Amino acid sequence: MPLAPTELEPPQGGFFTSSGSGWAGHAQTVASALWAQRYPGAAPRWQRERWATPDGDFVEVDHLLAPTTPEAPCLVLFHGLEGSSQSHYAQALAHVARQRGWPLVLPHFRGCGGAINHGPRAYHSGDFAEIDWMLRRVRQLHPGRPLYALGVSLGGNALLRWAGEAGQAALEVVRAVAAVSAPLDVAAAGHAMDRGVNRWLYVRRFLHTMRAKARAKWRQYPGLFDLEAALRARTLYAFDDAFTAPLHGFAGVDDYWQRASALPGLQAVQVPALLLNARNDPFVPAASLPTCQQVSAAVTLWQPAWGGHVGFAGPLDGRARWRLQIWAWPERVLDWLHQQPPA
């Protein structure tokens, strides 16, 4: 069902309520990432652990350092493209989890934890097998707790790709899942990112770190991919064609984007799943968002008009219109997860 207007009300005035404006989504996206307050008081603290992967590689995993109660549920957070535990949404979610006494586990995708991974691969938007073993590892660490999983952007698509692939078996691992600003049609989102202001404002930033990782991977495995093509890339399409697709066994970028998309599998999802997507998200075209006819009965759609990409910044208090905070949407999403009954 759609998101009720009272669930996530926008701040009043300016770009933030002008959801019809082409710049509103950019304003909400950038304001949340750069200027909005992520948490009050002290910053969330993390404890780093390195997990060995089934294929002999490793990932860096951060655990929230905060008091918990034995009966509290555990939250697993999957970050977005080039994200980490320092991303604005990760810190806001950590603040809300800390308030509730919930353990929070954030496994970094390969190469995103600060050290380049050992193997001849990186990470990609449809890696449901990686999601599966990560969730099962957390399940082993917290056997007596309800387990919820939340994916943001790329991590949300990968999580829902897993939920669709797993079907009923997902309920053996998690009680409920949520995806925020997930590009469920990867091709539609990728092409949107590569056009106009998106290419200048966002893609340049992503490619800066992605090209550096390509260089590091080439030093480990010379000849594994076309390094020159990856370094020349000025679009996500070109970079994924040169680097991401060949590293992960895809025939090319079109094959990768098609097979990675969670959208075709949403009718197979059996675990309770919440999909939160703003209709003015500059990364994810509104026309690519799922309809009620494209999802199973287990899937709830929240598609507010405003919010941008992982934005949804709200007023810090009723008097300061331009002082923003971003922990309102984590509170709503975690509330929804916690309301789901056991299978």
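Predicted model: local features only at pLDDT ≥ 70, side-chain atom pairs only at ≥ 80, totals over all residues.

Q: Let us begin with a helix pair. At what angle do α3 and α11 pack, and how far apart are their axes?
A: Take the angle and the axis distance together. Helix α3 covers residues 88-100, and helix α11 covers residues 328-338. They pack at about 55°, with axes 9 Å apart. The two helices are therefore oblique to each other. The crossing of α3 past α11 is right-handed.

Q: Which residues of α3 and α11 meet?
A: A general point comes before the list. An α-helix has 3.6 residues a turn, so residues three or four places apart point the same way. Now the case. From α3 come Y89, A92, L93, V96, A97, Q99 and R100. Across from them, α11 supplies W329, P330, E331, L334 and D335. By class, the residues of this contact are eight nonpolar, one polar and three charged.

Q: Now burial. Which residues of α9 are buried?
A: Helix α9 runs over residues 236-247. Its buried residues are L236, F239, D240, A242, F243, T244, A245 and L247.

Q: Which helices do the buried residues of α9 pack against?
A: They pack against α6 (186-193), α7 (196-220), α8 (227-232) and α10 (253-260). After α9 comes G249, with a positive phi near 85°.

Q: Next, a strand residue. Is L274 buried or exposed?
A: Buried means under 20% relative accessible area. L274 has 1% relative accessibility, so it counts as buried. This leucine lies in strand β7, residues 273-276.

Q: What is L274 in contact with, beyond its neighbours within four places in sequence?
A: Its partners are V177, A178, A179, T300, W302, V333 and W336. For a C-alpha distance, take L274 and L104. They are 170 residues apart along the chain, and their C-alpha atoms are separated by 19 Å.

Q: Where is P44 found, and what is it in contact with?
A: P44 sits in the loop between α2 (24-34) and β1 (46-52). Its relative accessible area is 10%, so P44 is buried. Setting aside neighbours within four places in sequence, P44 is in contact with Y39, L64, Q91, A94, H95 and R98.

Q: Last, backbone angles. What is the phi of S153, and what is the phi of S181?
A: Start from the general rule. Most residues other than glycine have a negative phi. Now the two serines. S153 has a positive phi of about 55°, although it is not a glycine. S181 also has a positive phi, near 55°.

Q: Where do S153 and S181 lie?
A: S153 is in the loop between β5 (147-152) and α5 (154-166). S181 is in the loop between β6 (176-180) and α6.

Q: Is each of them buried or exposed?
A: S153 has 12% relative accessibility, so it counts as buried. S181 is buried too, with a relative accessible area of 0%.

Methods. Residues numbered from 1 in each chain as written. Heavy atoms only, no water. Axes fitted to C-alpha atoms, helices over the stretch in contact; angles between N-to-C directions. Helix = DSSP H or I, 4+ residues; strand = E, 2+ residues; numbered from the N terminus. Parallel < 35°, antiparallel > 145°, perpendicular 65-115°, else oblique. Left-handed = near helix turned anticlockwise from the far one by under 90°. Contact = heavy atoms within 4.5 Å. Nonpolar A, V, L, I, M, F, W, Y, C, P; charged D, E, K, R; others polar. Buried < 20%, exposed > 50% of the residue type's maximum accessible area, 1.4 Å probe, protein only.
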